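Subject: Structure for your review

Dear colleague,

Please find the structure below, followed by an account of what was found in it. I would be grateful if you could read the two side by side.

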Amino acid sequence: MSNFYPVILCGGSGTRLWPLSRKQHPKQFIKLTNDFTMVQNTIKRLPENVQSPIFICNEEHRFIVAEQAREVSVEAKSILLEPVGRNTAPAIALAAITALKENKDAVLLVLASDHNIKDEDMFRQAAQSAYGLAMQDKLVTFGIVPSNPHTGYGYIKRGEELGPKASQYKVSEFVEKPDEATAKTYVDSGEYYWNSGMFVFKASKFLSELKTFRPDIFEACERAMQDVADDLDFTRVNKAAFEACPDESVDYAVMEHTEHAVVVPLDAGWSDVGSWSALWEESERDGNNNAIRGDVLTESTTNSYIQASDRLVSSIGLDNIVIIDTPDALLVANKDDVQNVKGIVDKLKGLDRSEYIHHREVYRPWGKYDSVDSGGRFQVKRITVKPGAKLSVQMHHHRAEHWVVVSGTAKVRNGDKEFILTENESTYIPIGAVHSLENPGKLPLELIEVQSGSYLGEDDIVRLADKYGRSEQ
């Protein structure tokens, strides 16, 4: 299947899994079900002998995508950067145009980056079955065999079977999220599947159907891809052209209109992990029906999901509760009410609180930093710089910095001097001094940074040179 191109959609903010999932580090980049992140699990379950994935993400997540792919030994075919979110139809169109530049017979396997699938062999078999249909110019979607009358998913009604015992059907109709009574009739009929949002089709066939039913989206995406800028491993599409593109899902734009839509049933333990209660259902549980992650002790606690990040969490006399502890935010909720987490996130936005945007530990292309402590005129950070990485050449108008190396080797520029610091050595960066920090070694560099001054915001950075093409921190 040398013409089979996985397309992994990495958008979405994952607000229903706050406080673990946040705007700058949403759920697809978090380890939720095992020792790999959701996007890494998506990569690892791909069928054999397919092309390297095409990733689609926004600007602020580009280095996370590249790094997490590298960690599972996968080199991206391309990482397309959307200047703004425009839903799935435009995103898939960008990927289709990209794939066709390399192979006129390209077939796309379109996947969300934040789904969980327990039976990966069954998924691979379904993907290969769908590939065969796509080669016949069918537009295939995977219909999840429902395990219950879920009201949080759209449904697909199957139509005529394509062949005797084929387990492949024409799509009769797509239906919106139903109420509970309607969902029960769907499940009891055996004719409906959950809409998974995963697809297989020829890139050329998809674009042809898109041009037929939504020429405005097709033309906007075509213009956006005619003027792209390559930056390291990333491809930036034309911002003005893509901003003019309508916001539309692939279902509304194409799948509900085409005469070539086919559904392949998939019974492989699929979940979109759309809430803490859903994650509890997907997790291994102890004798008290609790799902536990991290340093947790319980007494008389049942049917709960409890996660500790960096300290002991204990519970007594609780039932049906979700507890999520992170260094800067704690969530305690009844498991039946976790869909309302978005309301908390909306309140944080309204209050302009940072807790909905990023964690105390923030990832950067050069590594990460952890804001350990802060006060009126000081801030302490623990900084980790990856081997070979370098922070931008920069200066600050309002703060000075003290750097103390904890481990590793630092190459430092401080004003007109350049020198090496090793463990237990330090330097002082005065206000206004041009400076940079680099790890020339083979091991991670760890240091403590103490900032002091009248203003300590991340926007007090004048970046003079940056190997990652950033204009702001």
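Two strands are said to pair if DSSP finds at least two bridges between them. Helices (H or I, at least four residues) and strands (E, at least two) are DSSP runs, numbered from the N terminus. This is a predicted model, in which local features need pLDDT of at least 70 and side-chain atom pairs count only at pLDDT 80 or more, while totals for chains, interfaces and linings use all residues. Residues are numbered from 1 along each chain as its sequence is written, and side-chain values use heavy atoms, with hydrogens and water left out.

Overall form

The protein has eleven helices and 30 strands. Its C-alpha trace spans about 75 × 60 × 40 Å along the principal axes. The radius of gyration, taken over C-alpha atoms, is compared with a globule rule of 2.2 Å times the number of residues to the power 0.38. For 473 residues a compact globule would have a value near 23 Å, and the 24 Å of the protein agrees with this. Of the 473 residues, 51% count as buried; buried means under 20% relative accessible area, exposed over 50%, and partly exposed in between (1.4 Å probe, protein chains only). Taking contact as heavy atoms within 4.5 Å, residues 24 or more positions apart account for 68% of the contacts with a separation of 6 or more.

In β1 (4-9), six of six residues are buried. Both faces are covered, with F4, P6 and I8 on one side and Y5, V7 and L9 on the other. β1 pairs in the parallel sense with β4 (residues 107-112) over six bridges, and I8 has L111 as its bridge partner there. Three bridges join β1 to β2 (residues 54-58), also running parallel, and V7 stands opposite I54 in β2.

A nonpolar core is a set of buried Ala, Val, Leu, Ile, Met, Phe, Trp, Tyr and Cys residues joined through side-chain atoms within 4.5 Å. In soluble globular proteins, nonpolar side chains tend to be buried together. The largest core here has 46 residues, of which L108, F206 and L210 touch the most other members. Its largest share, nine residues, comes from helix α3 (residues 88-102). Leaving aside neighbours within four places in sequence, L108 is in contact with residues including F4, Y5, V7, I92 and F201. Another core, of 33 residues, lies apart from the largest one, with C10, F29, V65 and W403 among its members.

A four-stranded sheet

An open sheet of four strands has the order β14-β16-β18-β19, with mixed pairing. The edge strands, β14 (291-293) and β19 (330-334), each pair on one side only. Strand β18 (residues 321-325) runs antiparallel to β19 and is joined to it by five bridges; I321 stands opposite N334 in β19.

Backbone points to check

The peptide bond from W18 to P19 is cis, with omega near 10°, and P19 is placed in the loop between β1 and α1 (38-44). S73 is found in the loop between α2 (62-71) and β3 (78-82) and is exposed, with a relative accessible area of 69%. N303 is found in the loop between β15 (296-299) and β16 (305-308) and is partly exposed, at 25%.

Yours sincerely
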